[in-house]
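Welcome, and please open your viewer. We will go from stop to stop, and at each one you will hear what to select next.

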Amino acid sequence: MLRRLSFVLLIVIAVASAGSDIFACGDKFLRVGRSARFRGYASVHPSSILVYAPRWTRHGIADFEQMLKHGGHKPVTVTSTDAMSQAFAGGKYDVVITSYADAQVVAKELQALPSRPALMPVVYKATKTETAEAAATYRCLLRPEKMTAFQALEEIDRLIELHLKEAAATTTAR
């Protein structure tokens, strides 16, 4: 009887001392955008994304597409303005990602489209002036040297969320 009582008392003490940690278990899985795997990411808004990459390396394109696919997006990459025009004629995209140097060319193409995708420039190894200029011009930026893949996917989701809110506000204003 004494043995049983001491065993129960030991269990009660163990549970009481660990009580604060019991409720923390699993809270990291409740965050929107995180999957059960720590390094995984499930996009809140899986989207079709056009990547305009005339200056990117094949390896860079492949890595970027793989990151987008792991996040749940459907990327299509083009490397010329003709291919970009054909892609816009053949499909609808939610986001267009390109280097900051090519963003103005893409912005002109987007003006002619009835459904305007959000534009997200990639600012890579830019000067402070270029970075400040890009931040002043665009709501969201990708900074590969300063972001992890997880942070980049979160930034893409943030842009999509802002774009959806903007579209909803435009629709209700009509």
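A nonpolar core is a set of buried Ala, Val, Leu, Ile, Met, Phe, Trp, Tyr and Cys residues joined through side-chain atoms within 4.5 Å, where buried means under 20% relative accessible area with a 1.4 Å probe, protein chains only. The model is predicted, so local features need pLDDT of at least 70 and side-chain atom pairs pLDDT 80 or more, while totals for chains, interfaces and linings use all residues. Numbering starts from 1 along each chain as its sequence is written, and side-chain values use heavy atoms, without hydrogens or water.

Begin with Leu68, Val95, Ile97, Met120, Leu142 and Ile156: they have the most contacts inside the largest nonpolar core, which has 21 residues. At least two residues each come from S1, H3, S3, S4 and helix H7 (149-173); these labels are DSSP runs numbered from the N terminus, helices (H or I) of at least four residues and strands (E) of at least two. H7 gives the largest share, 6 residues.

Now select Leu68 alone. Leaving aside residues up to four places away in sequence, Leu68 touches Ile49, Val51, His73, Pro75, Leu153 and Ile156, a contact being heavy atoms within 4.5 Å.

Next, show the strands. Four of them form an open sheet in the order S2-S1-S3-S4, with parallel pairing; a pair needs at least two DSSP bridges. Strand S2 (74-78) and strand S4 (118-122) are at the edges with a single partner strand each, so one side of each has no neighbour in the sheet.

Finally, zoom in on S3 (residues 95-99), which runs parallel to S4 and is joined to it by 5 bridges. Thr98 has Pro121 in S4 as its bridge partner.

Methods. Buried means under 20% relative accessible area, exposed over 50%, partly exposed in between (1.4 Å probe, protein chains only).
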